[in-house]
Amino acid sequence: MTGDEIPFVTIEQHPSGLVTWRERKKQATREALADAAWKLAQEVGPENVRVDDIAAAAGVSARTFNNYYSSREEAIFAQRVRWAEEFLAVVHSRPDDAPLHDTIAGALLEVRGRGEPDKATIRLVAATPAMQGEYLRHSVMTEFALAEIVAARTGCDQLSARVIGGAYALAIRAASEYWLRDDSDLPLTDFLRTALDRVAPAARELESSGRANLPHREADSCW
């Protein structure tokens, strides 16, 4: 898997529109590895997790592990980015003419409001430098996915889409970081709502102004 791929859609679709038994089995294996990696990270700390141990806990070989994940860090973090898959799926399910900010913020708050993450465990994982790098990698991929959504829904130039998509990705990252540092019982959604509200004016301005008046050559060079 290359660094610029966005593996948010983790289950393949058959041309007929039906998910085959083989595809379901692959998805189940991927999720079992992610669950095993996350559990081991909780038990022994991310830096002490071994690929062989993840594979054994999931009931597969280390070679099979390598067919699904490129590193233990990717496998550990995979359990935590399922919310991103759900978030993007909810966004794409909303009407194309729905307001941009309402669509993105509403979908994010809906998905993140389904259950409060375990702050203590996430703090443990986030303290590991290698996991911080994995987190940033996924944040960048989320930024690109959001930029595509912004461009598709507003018809704006790609540079503007990157800016607004990046602003939403940064809002998610900043809210999550401040939530982790906070020792109160405030839910993550409170931090997200505050951060997203800061992006709202720019998103609404972009949407109301239509396609930004930028040279295509300049915009394309920034994509």
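Modeller: A residue counts as buried when its relative accessible area is under 20%, as exposed when this is over 50%, and as partly exposed in between, with a 1.4 Å probe and protein chains only. This is a predicted model, in which local features need pLDDT of at least 70 and side-chain atom pairs count only at pLDDT 80 or more, while totals for chains, interfaces and linings use all residues. Residues are numbered from 1 along each chain as its sequence is written, and side-chain values use heavy atoms, with hydrogens and water left out.

Colleague: What percentage of the 223 residues of the protein chain count as buried?

Modeller: The protein chain has 223 residues. With the cut-off of under 20% relative accessible area, the part of the chain that counts as buried is 42%.

Colleague: How many helices and how many strands does the protein chain have?

Modeller: Helices (H or I, at least four residues) and strands (E, at least two) are DSSP runs, numbered from the N terminus. Read from the N terminus on, the elements run α-α-α-α-α-α-α-α-α-α-α. The secondary structure therefore comes to 11 helices and zero strands by this definition.

Colleague: How is α6 oriented to α10, roughly parallel or roughly antiparallel?

Modeller: Axes are lines fitted to C-alpha atoms, for helices over the stretch in contact, and their angles run from 0 to 180 degrees between N-to-C directions. The axes of α6 (residues 100-112) and α10 (residues 188-209) come within 8 Å and cross at roughly 165°. Angles under 35 degrees count as roughly parallel, over 145 as roughly antiparallel, 65 to 115 as roughly perpendicular and the rest as oblique, so α6 is, in relation to α10, roughly antiparallel.

Colleague: How many nonpolar, polar and charged residues are in the contact of α6 with α10?

Modeller: Contact means heavy atoms within 4.5 Å, and the residues that meet include L100, A105 and L108 in α6 and L192, L196 and A200 in α10. Ala, Val, Leu, Ile, Met, Phe, Trp, Tyr, Cys and Pro count as nonpolar, Asp, Glu, Lys and Arg as charged, and the others, Gly among them, as polar. By class, the contact of α6 with α10 has nine nonpolar, two polar and six charged residues.

Colleague: How far apart are the C-alpha atoms of D197 and A105?

Modeller: D197 is found in helix α10, and its relative accessible area of 41% makes D197 partly exposed. Although D197 and A105 are 92 residues apart along the chain, their C-alpha atoms are separated by 8.5 Å.

Colleague: Is the crossing of α5 and α6 left-handed or right-handed?

Modeller: The axes of α5 (residues 82-93) and α6 come within 9 Å and cross at roughly 140°, which means that α5 is oblique to α6. Residues of this contact include W83, F87 and V90 of α5 and I104, A107 and V111 of α6. A crossing is left-handed if the near helix is turned anticlockwise from the far one by less than a right angle, and right-handed if clockwise. By this convention the crossing of α5 and α6 is right-handed.

Colleague: Which kind of aromatic pair do the rings of F77 and Y135 form, stacked or edge-to-face?

Modeller: Rings of Phe, Tyr and Trp (its six-membered ring) pair if their centres lie within 6.5 Å, and planes under 30 degrees apart count as stacked, over 60 as edge-to-face and the rest as tilted. By this rule there are three aromatic pairs, one of them the tilted pair of F65 and Y69, with 5.9 Å centre to centre and 40° between the planes. The centres of F77 and Y135 are 5.9 Å apart and their planes stand at 70°, so this pair is edge-to-face.

Colleague: How many residues apart are F77 and Y135?

Modeller: F77 counts as buried because its relative accessibility is 11%, whereas Y135 is partly exposed, with a relative accessible area of 26%. The pair links distant parts of the chain, with F77 in α4 (residues 72-78) and Y135 in α8 (residues 129-154), and the separation in residues is 58.

Colleague: Which residues does T29 contact, leaving aside neighbours within four places in sequence?

Modeller: T29 has its place in helix α1 (residues 21-44), and its relative accessible area of 16% means that T29 is buried. T29 and V60 are 31 residues apart in sequence and 8.3 Å apart in space, C-alpha to C-alpha. Leaving aside those neighbours, T29 is in contact with V60, T64 and Y68.
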